[in-house]
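Me: I have a structure to get to know. Can you walk me through it?

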Amino acid sequence: MSVLRSNTPPQPAHGAAANTPVYAPIGGAPWLRAAKRAADIAMAGSFFVFFGWAYALIWLGVLMTSGGPAIYMQPRYGKDGKVFRFLKFRSMVADADAVLARHLRENPGARREWDMYQKLEHDPRITRFGAFLRKYSIDEFPQFWNVLLGDMSMVGPRPCMFAQKELYGDYWDHYCAVRPGITGLWQISGRNEVSYRRRAAMDAEYVSTLSLTRDLVILLKTVAVVAGARGSR
């Protein structure tokens, strides 16, 4: 993907990304994109070779504790703004959207927390087994399929929900320049303790300084963050 350039100075972003630095959208050189994709396939494929048994056990655990389906699918924005089916082990009750809407309507404090982080510390939608899966990011395992299918990468911005697009402000082109990732700067920098405004700026900074070495560093730091369950909700 070529670098997008403009002779017009960047304007301040509105909404979530305001008052944060603006970076030039960079998707990486062709060789870098090819190498990143090859690494994605190797790592995601290795996961199923060595940990396919764990994947099957978790699937059964979800079915036994909260019924089916075990996999939750949601449309999300991917590279170039294309929509794909984002996969997770189901960690919420069946009527999660209605439960969230009612909770936010009845709890102004939760409404403010949701507007800031797009997450809740005490989320009424999450099941007991789901809380365990989310604490250690085990619910993300199905996204290795997304990586193999080419919808996602091992490292990149987290997949954006439809309602979150406007929160990226001027950084939307940065988000669309690469495949969204299973992990990224947000995961190793506080995760749900970081506001969405700051998360968008992190994504822009990552895309603007894309490198395989940095991806490796992020992956190694992710292991430590997940093991300690830091910033998880």
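Reply: What follows goes through the fold, the core, the surface, the aromatic rings and the charged pairs.

Me: Fine. What should I know about the numbering and the kind of model?

Reply: This is a predicted model, in which local features need pLDDT of at least 70 and side-chain atom pairs count only at pLDDT 80 or more, while totals for chains, interfaces and linings use all residues. Residues are numbered from 1 along each chain as its sequence is written, and side-chain values use heavy atoms, with hydrogens and water left out.

Me: How many helices and strands are there?

Reply: The protein has 8 helices and 4 strands. These are DSSP runs numbered from the N terminus, with helices being H or I of at least four residues and strands being E of at least two.

Me: In what pattern along the sequence?

Reply: The pattern is α-β-β-α-α-α-α-β-α-β-α-α.

Me: And what share of the residues is buried?

Reply: Of the 233 residues, 46% are buried. Buried means under 20% relative accessible area, exposed means over 50%, and partly exposed is in between, with a 1.4 Å probe and protein chains only.

Me: Which residues have the most contacts inside the largest nonpolar core?

Reply: Phe-89, Phe-144, Met-154 and Tyr-206 do, in a core of 32 residues. Two or more residues come from each of helix 1, strand 2 (83–89), helix 5 (143–149), strand 3, helix 7 (196–208) and helix 8 (212–228). Helix 1 gives the most, with 7 residues. A nonpolar core here is a set of buried Ala, Val, Leu, Ile, Met, Phe, Trp, Tyr and Cys residues joined through side-chain atoms within 4.5 Å.

Me: What about the surface? Which residues make the nonpolar patch?

Reply: Val-49, Phe-50, Phe-51, Trp-53, Leu-57, Trp-59, Leu-60, Leu-63 and Met-64 make a patch of about 1000 Å². Patches take residues with over 30% relative accessible area and no salt bridge, joining like charges within 9 Å and nonpolar side chains (Val, Leu, Ile, Met, Phe, Trp, Tyr) within 5 Å. The areas come from the Shrake-Rupley method with a 1.4 Å probe, and for residues only the protein chains shown count as cover.

Me: Where does Met-64 lie?

Reply: Met-64 is in helix 1, residues 30–66. Its relative accessibility is 73%, so Met-64 counts as exposed.

Me: Switching to rings. How many aromatic pairs are there?

Reply: The whole structure has 18. Rings of Phe, Tyr and Trp (its six-membered ring) pair if their centres lie within 6.5 Å; planes under 30 degrees apart are stacked, over 60 edge-to-face, and the rest tilted.

Me: Why is the pair of Tyr-77 and Phe-162 called tilted?

Reply: Because their planes are at 45°, with the ring centres 4.9 Å apart. Tyr-77 is in strand 1 (residues 71–77), and Phe-162 is 85 residues away in the loop between strand 3 (153–155) and helix 6 (172–176). Tyr-77 counts as buried at 16% relative accessibility, whereas Phe-162 is partly exposed at 43%.

Me: And Tyr-168 with Trp-172, what kind of pair is that?

Reply: That pair is edge-to-face, because the planes are at 65°; the centres are 5.9 Å apart. Both residues are buried.

Me: Which residues do ring pairs link into a cluster?

Reply: Phe-47, Phe-48, Phe-51, Tyr-55, Trp-59, Phe-89, Phe-141, Phe-144 and Trp-145.

Me: Which ring does the charged end of Arg-76 sit over?

Reply: The ring of Phe-86, 4.1 Å from its centre. Arg-199 likewise lies over the face of Trp-186, 4.2 Å from the ring centre. The test is NZ of Lys or CZ of Arg within 6 Å of the ring centre and within 35 degrees of the ring normal.

Me: Last topic. How many salt bridges?

Reply: There are 8, each a side-chain nitrogen of Lys or Arg within 4 Å of a carboxyl oxygen of Asp or Glu.

Me: Are Asp-139 and Lys-88 buried or exposed? Start with Asp-139.

Reply: Asp-139 is buried, with a relative accessible area of 2%, and Lys-88 is buried at 11%. Their side chains meet in a salt bridge at 3.1 Å, N to O. The two are 51 residues apart, with Asp-139 in the loop between helix 4 (128–135) and helix 5 and Lys-88 in strand 2.

Me: Where do Arg-111 and Asp-115 lie?

Reply: Both are in helix 3 (residues 108–117), 4 residues apart, about one turn of the helix. Arg-111 is partly exposed at 33%, and Asp-115 is partly exposed at 47%.
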